[in-house]
Amino acid sequence: MSVEAVDREAATSSRPCTPPQTSWFEFLLEESLLEKHLKKAYPDPSPVQLIVQFLEQASKPLVNEQNQVQPPPDNKRNRILKLLALKVAAHLKWNLDVLDKSLSVPVLNMLLNELLCISKVPPGTKHIDMDLACLPPTTAMAILLYNRWAIRTIVNSSFPVRLAKPGPPQLNVMNQFQQEKEVTDNILKVLKEQAADSILVLEGALKLNKDLYIHTIRTLDLLAMEPGMVNGETESSTAGLSISTEEMQCQVCYDLGAIYFQQGSTNFDLYRNARDKFFRTKELILKIGSSLHCMIDEKRLAGYCQACGVLAPSESSSQPSTPYSQIHSCLRSGNYQ
């Protein structure tokens, strides 16, 4: 063997053997691949990257022979891609904290609308007109998840965002960023117009006295089967991931508290509503204990509770006033000394 060949073999054998990234279309070809992939310790692509890839491919417009842009077709390929995206979200247990941080507003809007569609909520239906108590548990939970996301998105949009320092201008990137911003603004406008209805839907959910269920990979598979083969399992009271009444109310109270707190700057009475919802959230966290499904940022909750204690102190509260509340009381009375 020549010296060059020896050097070449040594260099090749010293390279780390990293498996190639799994491509999105491979999941279309092998039905069982998705669950195998998601069970890996560090799947590549990650679950949220897969959601983006599946929905991106399913929503690609077509260009016909006359170079006219057509909407994406409702064919078997695109339906499977949307179903795969929903399965990944089900693997993440529909955790809005994870999905919010990792997915853009347009992608999450598309994902949750697909969840509503597969949960048998007709497009264009006003959620306020639907009686949650009479709906199948997975349908009711899909409506709650969408409306929780809606008011969370409104609240998050009110926070200032620190923009990254711009690098050299790249036309394609700038155009793509501008298009996404326009789509996000349009979605946000619709969510704000429907905010009052979303709040009423969530307030109505607090009156429910039954456990709910959210779709799992299994129930999504059943929904994709041919009609007549499911035997009603997806609509039974035990299909899907169980969400206790307390877990559901804890999440809803926290999200309602956040939207009431945001609106309190224009209607001071809403600070009291926010206070009640946040303190109810604290009570429910103590009652629930550890929960895989109900995730609340307790540091942020403590901050909200402290702010509400200053802005809308409870008359029945026996807790001593804090320095914050004393300062606020002096400012409101004009006692600047």
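The accessible surface of the chain comes to about 20,600 Å², and 54% of this area belongs to carbon and sulfur atoms. The model is a predicted one, and its chain of 337 residues has 39% of them buried. The secondary structure amounts to 15 helices and four strands. Among contacts between residues at least 6 apart in sequence, 72% join residues that are at least 24 apart.

## Helix pairs

Two packed helices are described by the angle between their axes and the distance between the axes.

| Helix pair | Axes come within | Crossing angle |
|---|---|---|
| Helix 5 and helix 7 | 10 Å | roughly 100 degrees |
| Helix 5 and helix 11 | 9 Å | roughly 160 degrees |
| Helix 12 and helix 14 | 12 Å | roughly 45 degrees |

For helix 5 and helix 7, whose axes cross at roughly 100 degrees, the angle makes helix 5 roughly perpendicular to helix 7, because values from 65 to 115 degrees count as such. Helix 5 contributes Lys 82, Leu 83, Ala 85, Leu 86 and Ala 89 to this contact, while helix 7 contributes Met 110, Leu 111, Glu 114, Leu 115 and Ile 118. By class, the contact of helix 5 with helix 7 holds eight nonpolar, no polar and two charged residues.

Helix 5 also packs against helix 11 (residues 217–224), with axes that cross at roughly 160 degrees. This angle makes helix 5 roughly antiparallel to helix 11, because angles over 145 degrees are counted that way. The crossing of helix 5 and helix 11 is right-handed, and the contact is made by Leu 83, Leu 86, Lys 87, Ala 90 and His 91 of helix 5 together with Ile 217, Leu 220, Asp 221 and Ala 224 of helix 11. The residues of this contact divide into six nonpolar, one polar and two charged.

The remaining pair in the table joins helix 12 (residues 245–263) to helix 14 (residues 298–311), with a crossing angle of roughly 45 degrees. At this angle helix 12 is oblique to helix 14, and their crossing is left-handed. From helix 12 the contact takes in Tyr 254, Ala 258 and Phe 261, and from helix 14 it takes in Arg 300, Leu 301, Tyr 304, Ala 307, Cys 308 and Leu 311. Eight of these residues are nonpolar, none is polar and one is charged.

## Buried lysine and arginine

Lys 277, which lies in helix 13 (residues 269–288), has 15% relative accessibility and therefore counts as buried. Leaving aside neighbours within four places in sequence, Lys 277 is in contact with Glu 203, Leu 206, Cys 253, Leu 256, Gly 257 and Tyr 260.

Arg 148 has its place in helix 8 and, with a relative accessible area of 6%, is buried as well. Not counting residues up to four places away in sequence, Arg 148 touches Leu 96, Leu 202, Gln 251, Val 252 and Asp 255.

## Loops and backbone geometry

Most residues other than glycine have a negative phi, and most peptide bonds are trans. Against that background, several loop residues deserve a look.

Asp 44 and Pro 45 are joined by a cis peptide bond with an omega of about 5 degrees, and Pro 45 is found in the loop between helix 3 (33–38) and helix 4 (47–58). Both Asp 44 and Pro 45 are contacted by Gln 21, which also touches Glu 26 when neighbours within four places in sequence are left aside. Gln 21 sits in the loop between helix 1 (3–13) and helix 2 (26–29) and, at 45% relative accessibility, counts as partly exposed. The C-alpha atoms of Gln 21 and Pro 43 are separated by 9.0 Å, although these residues are 22 apart along the chain.

Lys 93 is not a glycine, yet its phi is positive, at about 60 degrees. Lys 93 belongs to the loop between helix 5 (76–91) and helix 6 (96–102), where its 36% relative accessibility makes it count as partly exposed. Lys 120, in the loop between helix 7 (105–118) and helix 8 (137–157), likewise has a positive phi, near 70 degrees.

Notes: Residues are numbered from 1 along each chain as its sequence is written. This is a predicted model: local features need pLDDT of at least 70, side-chain atom pairs count only at pLDDT 80 or more; totals for chains, interfaces and linings use all residues. Side-chain values use heavy atoms; hydrogens and water are left out. Axes are lines fitted to C-alpha atoms, for helices over the stretch in contact, and angles run from 0 to 180 degrees between N-to-C directions. Helices (H or I, at least four residues) and strands (E, at least two) are DSSP runs, numbered from the N terminus. Angles under 35 degrees count as roughly parallel, over 145 as roughly antiparallel, 65 to 115 as roughly perpendicular and the rest as oblique. A crossing is left-handed if the near helix is turned anticlockwise from the far one by less than a right angle, and right-handed if clockwise. Contact means heavy atoms within 4.5 Å. Ala, Val, Leu, Ile, Met, Phe, Trp, Tyr, Cys and Pro count as nonpolar, Asp, Glu, Lys and Arg as charged, and the others, Gly among them, as polar. Buried means under 20% relative accessible area, exposed over 50%, partly exposed in between (1.4 Å probe, protein chains only). Accessible areas come from the Shrake-Rupley method with a 1.4 Å probe; for residues, only the protein chains shown count as cover.
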